[in-house]
Amino acid sequence: MRRYGKHTDEDDIRSRPNRKGNRPRTHIRPKHEDAAEGLVLTVDRGRLTCLVDDRIVMAMKARELGRKAAVVGDRVAIVGDLTGDKDTLARIVRIEERVSVLRRTADDDDPFERVVVANADQLAIVTALADPEPRPRLIDRCLVAAYDGGLTPLLVLTKSDLAPPDKLLELYGELDIPYVVTSRAELESGEAAHRVHEQLDGRITAFVGHSGVGKTTLVNALVPEERRRTIGHVNAVTGRGRHTTTSALALPLSGVEGWVIDTPGVRSFGLAHVDPSRVIHAFPDLEPGTEGCPRACSHDEPDCALDAWVAEGHADQARLYSLRRLLSTRERTEGD
C-alpha cells in the first residue's frame, strides 16, 4: 500500500474520477457569497417564482438543501441566471432564517406539520357573517396558529349585508383583536378595500379562511392588477364553497406599502404542532401569573397558578376564559 508523506507531489495523488463529468468529487460546498437575495412569491411543483430586485425569476431548489423546502414569503439566496428571461432557471442555494411561521397540520392526529407561509407580520382571518355561516372554532384555531407562529391576528368579517357582526365580535372582544367589517356593496364600490388597506399598510399579511367567504374576491379588490379566478360558489346543501385558490401567492399591494399572501381555502386547521407554552405569550397580562404553574402546565387544570393570579385582581377573568377557550380548541373538532 502506497503511503504519502507530508510533502507530496500533486501529480502522485490519484483523484477519484467523476463518471458524470471531468471534475473530481468533493465534499466542500460553495458558500455562494455572491448570491442575490430573493423573495419567494409562489411555489408550483418544484418551481419557485421569486422576486429579485425588480425582476421575476424562476428558480428551483439546489440539491445541497436536501429536504429543506422553501415556502411563500421565504427570503432566499439565489445564484445562476437572474435575468428573468423566458426559459431561464436559477437555483436557490440558501433559505434565510425565518422571523415568523404560519403552520398547520392536516388534523390534530397528524404529526407532520406543514409550513404555509413564512415571514408574515399579520394573519388576516377572513370569515363571512352568513352564506356560509361563520365557524368560530376555525377562527379559534387560526388565532392559536397566529399566536404560536409570531403573527398578529386581524379579523376580516365579510357579507355584513346578510347578517350583523355584533354577536361574533362580542365573542372575541376580550382578545382585543383589530377587525374590519365589510359588505358586498362596499366591496364593489372599493370602500371595503380602502378600509382594509389601512390595516395592511407596511406589513406582510397572510389571508386565510374557509372556502366561499370571499377571501380571494377581497384580495382581487386589494390588488386589482393581479386578479384571481373567482368562479367558486357556495354549495347550498353543505354551506361550503369550492376552492378558488390552489396555491399560496404573494402579491404587492396597490397604493400602499406591503404585501398580501392569498392562501388556499381551508376546511380544517390541525394544531398538533402547537406548544401551549407559546400561546401564552399573546396574553402579556396573564403571562407573569404562570411563574407559579407546575411544570408542563396546560393552563386549564386544578393546579394552574393563573386562577389565583386572576383572583388577586392582576387580570380580568374574561381574559383567562379566552385563553383557555383557545387552548382547548385542540381537543374539539372545528364543527363543535
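## Exercises on a predicted model

In this predicted model, a salt bridge joins the side chains of Arg98 and Asp74, with N and O 2.8 Å apart.

**Exercise 1.** State where Arg98 and Asp74 lie in the chain, and classify Arg98 and Asp74 as buried, partly exposed or exposed.

Solution. 
- Step 1: Arg98 is in the loop between β5 (90-95) and β6 (101-104), while Asp74 is in the loop between β3 (55-61) and β4 (75-80). The two are 24 residues apart, and the pair links distant parts of the chain.
- Step 2: The cut-off for buried is under 20% relative accessible area, and that for exposed is over 50%.
- Step 3: Arg98 has a relative accessible area of 26%, so Arg98 is partly exposed. Asp74 has 0%, so Asp74 is buried.

**Exercise 2.** Find which elements are tied together by the salt bridge between Arg103 and Asp148, and classify Arg103 and Asp148 as buried or exposed.

Solution. 
- Step 1: The closest N and O atoms of Arg103 and Asp148 are 2.7 Å apart.
- Step 2: Arg103 belongs to strand β6 and Asp148 to helix α1, so the bridge ties together parts 45 residues apart in sequence.
- Step 3: Arg103 is buried because its relative accessibility is 15%. Asp148, with a relative accessible area of 8%, is buried too.

**Exercise 3.** Locate Arg319, classify Arg319 as buried or exposed, and give its distance from Leu286.

Solution. 
- Step 1: Arg319 sits in helix α8 (residues 317-327).
- Step 2: Its relative accessible area is 12%, so Arg319 is buried.
- Step 3: Arg319 and Leu286 are 33 residues apart in sequence, with their C-alpha atoms 8.0 Å apart in space.
- Step 4: Not counting residues up to four places away in sequence, Arg319 touches several residues, including Glu174, Asp285 and Leu286.

Terms used: Residues numbered from 1 in each chain as written. Predicted model: local features only at pLDDT ≥ 70, side-chain atom pairs only at ≥ 80, totals over all residues. Heavy atoms only, no water. Helix = DSSP H or I, 4+ residues; strand = E, 2+ residues; numbered from the N terminus. Buried < 20%, exposed > 50% of the residue type's maximum accessible area, 1.4 Å probe, protein only. Contact = heavy atoms within 4.5 Å. Salt bridge = Lys/Arg side-chain N within 4 Å of Asp/Glu carboxyl O.
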